[in-house]
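The sequence and structure come up next.

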Amino acid sequence: PMLPVTEAKGAASYNDKSFSIDVASGLLGDMKVSDGHVAITDIDKQTETVHAQIDIAAKVQGPLHTALKVLDEKPLRYPQKLGLKTKSAKGQAAIDVDFKFPLHSALALDEIAVTAQATVKDVSLQDVVAGQALSGGPMAVSLKKGKLGLKGKGVLGDMPVTFDWEK
């Protein structure tokens, strides 16, 4: 399971078709969560083959290491798929993220739509390209429809770089 939001404060409402939570604040590990919204819809339409839907959106700020750890948990595993070594990651991240998926127990990765826009700074990632570390920032990070984008300035090894990369 993914890291839960704790110490959440907000308001909730529900009816026979939906459940909604507005999150004013909370914690995702050591990251601060704000301006969050959780909407569970189509509760009234559930059958064996039709599922309620969930949309989770929030702003999250804090250590880059924690953000990468969340993205590296099952079922996502995004950093692992890119070969990023997250344990030694350092820096700060400010992220707008949105997760949408159906609510059922056999959830597959391709059913999860993740969109994120982030700014990271004071970055230190080891062994990014040919054994070289990437440091610096600010860097803009985007994730949409399974494509990760990274744009910004930094230092690769000991060489200053400007990049605009997508995978």
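Is D72 buried or exposed? This is a predicted model, and in it D72 has a relative accessibility of 15%. The cut-off for buried is under 20%, so D72 counts as buried.

## Around D72

As for where D72 sits, look to the loop that links helix 1 (64-71) and helix 2 (78-82). Setting aside neighbours within four places in sequence, D72 is in contact with R77, Y78, P79, Q80 and T86.

## Salt bridges

Now for the charged pairs: searching the whole structure turns up 5 salt bridges. One of them pairs K45 with D42, with 3.7 Å between the closest N and O atoms. D42 comes out as partly exposed, at 27% relative accessibility.

Another pairs D98 with K100, and here the closest N and O atoms are 3.9 Å apart. K100 is partly exposed too, with a relative accessibility of 40%.

## A bridge between two strands

K147 and E166 also form a salt bridge, the closest N and O atoms being 4.0 Å apart. K147 belongs to strand 8 (residues 147-156) and E166 to strand 9 (residues 159-166), so this pair ties together parts that are 19 residues apart in sequence.

Conventions
Residues numbered from 1 in each chain as written. Predicted model: local features only at pLDDT ≥ 70, side-chain atom pairs only at ≥ 80, totals over all residues. Heavy atoms only, no water. Helix = DSSP H or I, 4+ residues; strand = E, 2+ residues; numbered from the N terminus. Buried < 20%, exposed > 50% of the residue type's maximum accessible area, 1.4 Å probe, protein only. Contact = heavy atoms within 4.5 Å. Salt bridge = Lys/Arg side-chain N within 4 Å of Asp/Glu carboxyl O.
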